[in-house]
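Open the model in your viewer and keep the selection tool at hand. We will go from stop to stop, picking something to select and saying what is there.

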Amino acid sequence: VKFGNTTFKTDVYPKSLNPQWNSEWFKFEVDDEELQDEPLQITVLDHDTYSANDAIGKVYIDIDPLLYSEAATVISGWFPIYDTIHGIRGEINVVVKVDLFNDLNRFRQSSCGVKFFCTTSIPKCYRAVIIHGFVEELVVNEDPEYQWIDRIRTPRASNEARQRLISLMSGELQRKIGLKVLEMRGNAVVGYLQCFDLEGESGLVVRAIGTACTLDKLSSTSAFLPACNSPSKEMKEIPFNEDPNPNTHSSGPSTPLKNQTYSFSPSKSYSRQSSSSDTDLSLTPKTGMGSGSAGKEGGPFKTLLRQQTQSALEQREFPFFTLTTFPPGFLVHVGGVVSARSVKLLDRIHNPDEPETRDAWWAEIRQEIKSHAKALGCHAVVGYSESTSICEEVCILSASGTAAVLNPRFLQDGTMEGCLEQRIEEASPPGCGFCHIPYDELNMPFPAHLTYCYNCRKQKVPDVLFTTIDLPVEAIVIGKGCLIQARLCRLKKKAQAEANATSISNLLPFMEYEVHTQLMNKLKLRGMNALFGLRIQITVGENMLMGLASATGVYLAALPTPGGIQIAGKTPNDGTYEQHISHMQKKINDTIAKNKELYEINPPELPEEIIGSPIPEPRQRSRLLRSQSESSDEVTELDLSHGKKDAFVLEV
């Protein structure tokens, strides 16, 4: 039995395959830092008198679950005995008990008490008081498989060295993330995603991302929903507010920074950013974001809301959230999917044993995601995730999420005034508010068809919506949803190092484009207009790249009915060819009709004139109509949804 550097042995139990040691307690006195990093190791051996003892297998027990304040203090039961060569070889009954002593050391490096949840929604028996935001950490070590000693030790010893290291790094990573959460004054990580990158000779990387929250345990589950909804309760229950003047928020981004920093618990990542946040982050005009079609009331209110959230989020380096479902009212608008990819060479890392280079790689990608969200008029990214694909010395880093506008109520210490609270509810009608476009339609980041919302007729909506989050509870859906998948393989030439990386990065944009086209067509074929929970994986092999996208398609009542799929192409004047084309077109149309029946999609018919009904003022009306007619000409040239278009890679 081993923990840290201390090892104990039981007596030998002779001639038995079912030994019962009934040993005394083995006591280990350790720091809580070690408790979090180290696993408890139990090795079971077959005793030989004249030769070395044979290994039967090992058990690793993670002590972390015993360190929470309300957790049990004992783990007991049968654990599988695992051998890295032969698999599971039996089981052993163990009792592990932890007694925590008080620790008054201010410089301690442990984060005991922070809970970790892999689920991407707030767990059922808890309530989110504050959602603090993004935490990330990365730990690097030398891979035991590539050390010189590996040439002389047995395969089992090599495997066990790796297994132990992975366990250790995983513990250290969790402890470091926990420290960041405590620094932000949170008590839990939700949407915790941990990944291992086996980089071969350059090392073994463990990295994790998550969302730091302050969670409150609910006494009974029935109190769950109302607790999230009622603003008044929200205000009273939050004990810490560090600013004596609760009204600083309504003055928007014009307040000097020192006044604004109060809505967050200070932490390393913001203190770095706050000095540059005014220059660095104001790429888009802060006040011009209110959408033109919001009407007299909506406009200024919307800008105020936006400024509040923006000033709140700008103090964070990355306003990302790994959650995919949210407390009611948290999500105001959804802009669409944002993603970034980068191809890197592992043998170019200057100092492979240090995390700096990898940190810089990820920071670069996160910065790009952030600027994409900004271009969509959004200041946050939800449903955020990161992944890598490694083949030999080439590594593809990918990140994706959904650009969104959030309600500042959950992001700060409850200082938002009650009157604003009510107006948020009025401003975005339930059920379709999240579909309304957050960007200004007069300077849209890309050509798109906009129509008035089919639900409230007040705001503009896009004709299709892609997101990486779960379907919001309040969304109005017609019919049933279904799985939609796009798959893609691309051959690449076998090449070395630089040439290989270049050929991969040249292929990537085309693959993304094609996966997107497939998704669009499959969505239209099923008569649906929105995708939720979109995950795009791109994997690299020796001579092939593979892309897989999967999502859930639904028909959102607020968005327009999708258009059909038209076969386009130059037709030779051959009669049989034209017949073939029209036969294909008929098959497609029949399939769409069949799918609509199958998924029970029958939206209510709308007379044309209702769709454009409430346009606020005549002056705006002419401008809106003009922009619509102008953009419709451009759209015909740039309709990305069908047919082969020329795409170019521009290297700058």
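Two strands count as paired if DSSP finds at least two bridges between them. With that in mind, select strand 12 (380-391) and strand 13 (394-406) in this predicted model, and look at Ser389: this residue stands opposite Ile396 of strand 13.

**Stop 1: the hairpin**

Keep both strands selected. Strand 12 and strand 13 run antiparallel and share 10 bridges. Two residues lie between them in a hairpin, and Glu392 in the turn has a positive phi of about 50°.

**Stop 2**

The three strands make an open sheet in the order 11-13-12, with antiparallel pairing. Strand 11 and strand 12 are the edge strands, each with a single partner, so one side of each has no neighbour in the sheet. From one strand to the next, the twist averages 10°.

Zoom in on the pairing of strand 11 with strand 13, which is antiparallel and extends over 13 bridges. Which residue of strand 13 is the bridge partner of Leu345? Pick Val394 and you have found it. Then try Lys344, whose bridge partner in strand 13 is Cys395. Before moving on, colour strand 13 by accessibility: 13 of its 13 residues are buried.

**Stop 3: helices against the strands**

Select helix 9 (residues 356-375), which packs on the sheet and touches strand 11, strand 12 and strand 13. The direction of helix 9 makes about 145° with that of strand 11. Next, bring up helix 11 (residues 497-525), lying across strand 11 and strand 13. Helix 11 runs at about 155° to strand 11.

**Stop 4: the nonpolar cores**

Show side chains for Leu215, Phe321, Leu406 and Leu556, the residues with the most contacts inside the largest nonpolar core, a set of 37 residues. Strand 8 gives the most, with three residues. For a second, separate core of 32 residues, select Ile396, Leu507, Met528 and Ala551, which are included in it.

**Stop 5: a buried glutamine**

Go to helix 2 (residues 155-183) and pick Gln174. Is Gln174 buried or exposed? Its relative accessibility is 15%, so Gln174 counts as buried, the cut-off being under 20%. Leaving aside residues up to four places away in sequence, Gln174 touches Asp64, Ser111, Phe116, Tyr192 and Gln194.

**Stop 6: cysteines**

How many disulfides does a search of the whole structure find? The answer is zero. Select Cys456, which is in no disulfide; the nearest cysteine sulfur belongs to Cys453, 3.8 Å away. Cys456 is buried, with a relative accessible area of 15%. Cys482 also counts as buried, at 10% relative accessibility.

**Last stop: confidence**

Finish by colouring the chain by pLDDT. The average is 77, and 73% of the residues score at least 70. Select residues 221-298, where the pLDDT is below 50; this stretch has 140 contacts in the model beyond near neighbours in sequence. Residues 609-643 also have pLDDT below 50, with 35 such contacts. Where pLDDT is low, predicted coordinates should not be read in detail.

How values were computed: Residues numbered from 1 in each chain as written. Predicted model: local features only at pLDDT ≥ 70, side-chain atom pairs only at ≥ 80, totals over all residues. Heavy atoms only, no water. Core = buried A, V, L, I, M, F, W, Y, C linked by side-chain atoms within 4.5 Å. Buried < 20%, exposed > 50% of the residue type's maximum accessible area, 1.4 Å probe, protein only. Helix = DSSP H or I, 4+ residues; strand = E, 2+ residues; numbered from the N terminus. Contact = heavy atoms within 4.5 Å. Axes fitted to C-alpha atoms, helices over the stretch in contact; angles between N-to-C directions. pLDDT = per-residue confidence, 0-100. Disulfide = S-S within 2.5 Å.
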